[in-house]
Amino acid sequence: MGDDIDARLAQRLAALRTERGWSLDELATRSGVSRSTLSRLERGEISPTTSLLNRLCAAYERTMSRLLTEVEGEQAQLVRAGQQPVWNDTESGFVRRSVSPPHAGLRGELVEGTLRPGADISYDGPPVPGLEQHIWVLDGSLEVTVQNEAYAMATGDCLRFRLWGPTRFRCTSEESVRYVIAVVLP
């Protein structure tokens, strides 16, 4: 994402808080993110990590894809490869391509994820309880932990589940792992 996208994301996050009538202190309590970090984020002084954005999405009860689509604007029925929004969390080594972004009236979306070797991302909980996910590994090795059970996945493997608690994604190969997540709202 470029600086323009980061600025729009900061504005959208501030607007979501304002729409709910929440103070920074209340959002900090709901999300587990410090007030000072939230303030810097909403002013566009810092870019959010994947973990931080997931905590905010949970507080606002929306998927990360939905939030990023709100920043990008309405998507067409046909989403060409060059038009698919890409978000890069350089700190964690995670690249996220919204292949089929959320669309009004549709409950599913497709996300392509890439983790660099050794990358390890944990999420405290789902943005929407009961979210359905199908993870299909395209290249490399991925360990996914769901409800305290770890699944070692290799190229071609698919894991499916409903998400109620914390998850963890870890690249276990010497090269980056690339995978697709099909996300379906409950």
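**Close-up views of a predicted model**

View 1. The model shown here and in the views below is predicted. Strand E6, residues 142-146, and strand E7, residues 149-153, pair in the antiparallel sense. Their pairing extends over 5 bridges. The hairpin has 2 residues between the strands, and Gln147 takes a positive phi near 50°.

**View 2. The largest nonpolar core and the surroundings of Ile135.** This core comprises 44 residues. The residues with the most contacts inside the core are Leu115, Ile135, Leu142, Phe169 and Tyr179. Helix H4, residues 50-60, supplies the largest share of the core, namely 6 residues. In general, nonpolar side chains of soluble globular proteins tend to be buried together. With neighbours within four places in sequence left aside, Ile135 is in contact with Leu142, Phe169 and Tyr179, among others. Further contacts of Ile135 under that condition include Val144, Met153, Cys158, Leu159, Phe161, Val180 and Ile181. Asp157 is also one of the residues in contact with Ile135.

**View 3. Helix H4 within the structure.** Because 8 of its 11 residues are buried, helix H4 is largely enclosed by the rest of the structure. The buried residues of H4 are Thr50, Leu52, Leu53, Asn54, Leu56, Cys57, Ala59 and Tyr60. Glu61 follows the helix and has a positive phi, near 55°.

**View 4. The largest cavity.** The model contains 2 cavities of 30 Å³ or more, and the largest has a volume of about 330 Å³. Its lining consists of 23 residues, of which Asn54, Arg96, Tyr123, Gln133 and Ile181 are the closest to the centre of the cavity. Asn54 is also among the buried residues of helix H4, and Ile181 is one of the residues in contact with Ile135. At least two lining residues each come from helix H5, strand E2 (94-100), strand E3 (108-115), strand E4 (120-123), strand E5 (131-139), strand E9 (167-171) and strand E10 (177-184). Strand E3 gives the most, with 4 residues. By class, 14 residues of this lining are nonpolar, 7 are polar and 2 are charged.

**View 5. The second largest cavity.** This cavity holds about 30 Å³ of space. The lining is formed by Leu13, Leu27, Leu38, Leu41, Glu42, Leu56 and Tyr60. Helix H3 (35-42) and helix H4 are the elements that give two or more residues to this lining. The largest share, 3 residues, comes from H3. Leu56 and Tyr60 are both buried in helix H4.

View 6. Glu70 lies in helix H5, which spans residues 64-72. Its relative accessibility is 30%, so Glu70 counts as partly exposed. Apart from neighbours within four places in sequence, Glu70 is in contact with Arg12 and Arg62. Glu70 and Pro102 are 32 residues apart in sequence, and the distance between them in space is 9.1 Å, C-alpha to C-alpha.

Methods:
Residues are numbered from 1 along each chain as its sequence is written. This is a predicted model: local features need pLDDT of at least 70, side-chain atom pairs count only at pLDDT 80 or more; totals for chains, interfaces and linings use all residues. Side-chain values use heavy atoms; hydrogens and water are left out. A nonpolar core is a set of buried Ala, Val, Leu, Ile, Met, Phe, Trp, Tyr and Cys residues joined through side-chain atoms within 4.5 Å. Buried means under 20% relative accessible area, exposed over 50%, partly exposed in between (1.4 Å probe, protein chains only). Contact means heavy atoms within 4.5 Å. On a 1 Å grid over the protein atoms alone, a cavity is a set of points where a 1.4 Å probe fits but cannot get out, and a pocket is an open set with protein on both sides within 12 Å along at least five of seven lines; lining residues have an atom within 4 Å of a point. Grid points are joined across faces, edges and corners, and a volume is the space filled by probe spheres set on the points. Ala, Val, Leu, Ile, Met, Phe, Trp, Tyr, Cys and Pro count as nonpolar, Asp, Glu, Lys and Arg as charged, and the others, Gly among them, as polar. Two strands pair if DSSP finds at least two bridges between them.
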